[in-house]
Amino acid sequence: MQFAKQINRLGTETAFAVSAQARAWAAKGHKVYPFHLGDINLATPENIVDATLKAIQDGNTGYCPSEGILPLRETLSHDVGSKRGVTYRPENVSVQPGGKPTIGKFIAAVMNPGDEVLYPNPGYPIYESQIEYQGGTAVPYGYIQTESGFDIDLDRLKSSITEKTVAIIYNNYQNPIAAESSQEEMEAIAELAIENDLWVLADDAYYEMIYQGKARSIVSIPGMKERTIILYTFSKKFAMTGWRVGGAVGPERIINIISKLNVNAESCTTHFIQHAMLEALTGDSSGSDAILATLKERRAAAVAGMNAIDGIQIPTPRSTFYLFPNVNEVMKRKGFNHVDQLQVGALENANVSFCTREHFGRSSSDETDFYIRFAYSGISTDDINEGLGKLKDYFESS
Ligand SMILES: Cc1ncc(COP(=O)(O)O)c(C=O)c1O
């Protein structure tokens, strides 16, 4: 008996290993301050829960169309389109069990073995995993730290395009670094995609996790709607990470392929949940507004706590629920040369758990800076204050 060779190319979310470490530490009786997982410790809004129970009682418990129920495809096409200034129809939507499935299905739809796909690194680790698992070459592009945040390394992105490149994965409002493109940066990426006739996966997982101002999408740029697939998820805005519902939105010809992949993978996304998503999109929004307001309050505490640490200086990100501080000075003070030492040290000395840059794609040998990622979505404001106070003591000691 054997195992398939491509399994060796399948990656994972190594951040889950940090959760296991944190759990093991907590099991020893320590109070752990959990900044590691991008999960949300807030309840799904009540009107969505009620709509789900009703949908079950109404008998929506059998199979439904693989592409999703029509009312949800209609509503989602309108919602996604109107928030981006483009027009979509139900035919442009394939409902998915979460945001994540769109990544693998997009790659399956557009990439042949040997093709190259550009992806952000540091970035969501599933991009690298799916490209390589499906026999492609994952070509990373990085970010340059600035005073106000991070810019995409456009020169590197440009020079990485070859005749084998078929797609760019673009995650504006970015995990893990909370980067947000300027209009010029977004237009430069769109120009590269159009000039080189590339598909774009716009991973919009955090498109509505914006604390001030208005979200901007690459699909709004002329010439992009025809080549862009949007990854949509209900997970973040409605605190529904475990419900598993999202969608792929894009040109009908690729959406049809993605729906055919649905038939082969899961038949359909959970039927009754789709009815409840109509309530999420069109019903009372006070629950999701409250989620965003709570996260905004946590962001203020997390940024203040982080900036109180000697040697750390971060701007306030406008979106996501992540902070990605540079910890070069802390590393120097501690005499560490691997950021894992800092991560384990913080857990064992301050009971603070977080991920590092190493959990977000393979780092390249020319990276000399050290970064860690803090998620403030799964921890109360009081615990943010308490935990970062303990972290300050640990980070400031040599
Ligand atoms: C950038 C990014 N894309 C996609 C996803 C997947 O979202 P979901 O949990 O809805 O599958 C996540 C989840 O954390 C993410 O951070």
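Into which domains is the chain divided? The chain splits into domain 1 (5-43 + 287-396) and domain 2 (62-282), with bounds that come from an automatic or database domain assignment. This is a predicted model, where local features need pLDDT of at least 70, side-chain atom pairs count only at pLDDT 80 or more, and totals for chains, interfaces and linings use all residues. Residues are numbered from 1 along each chain as its sequence is written.

**Overall build**
- You'll find 13 helices and 14 strands in the chain; these are DSSP runs numbered from the N terminus (helices: H or I, at least four residues; strands: E, at least two).
- A compact globule of 398 residues would have a radius of gyration near 21 Å, and the chain agrees, with 21 Å (taken over C-alpha atoms; the globule rule is 2.2 Å times the number of residues to the power 0.38).
- The C-alpha trace spans about 60 × 55 × 55 Å along its principal axes.

**Packing**
- Some 48% of the 398 residues count as buried, meaning that 20 or more other C-beta atoms, placed from the backbone, lie within 10 Å of the residue's own.
- Take contacts (C-beta atoms, placed from the backbone, within 7 Å) between residues at least 6 apart in sequence: 73% of them join residues at least 24 apart.

- The C-alpha centres of domain 1 and domain 2 are 25 Å apart.
- Across the boundary, 35 residues of domain 1 are in contact with 30 residues of domain 2.
- On the domain 1 side, the elements giving two or more residues are α10 (286-307) and β11 (322-323), and α10 provides the largest share, five residues.

Technical notes
A residue is buried if 20 or more other C-beta atoms lie within 10 Å of its own, exposed if 12 or fewer, and partly exposed in between; C-beta atoms are placed from the backbone. Two residues are in contact if their C-beta atoms, placed from the backbone, lie within 7 Å.
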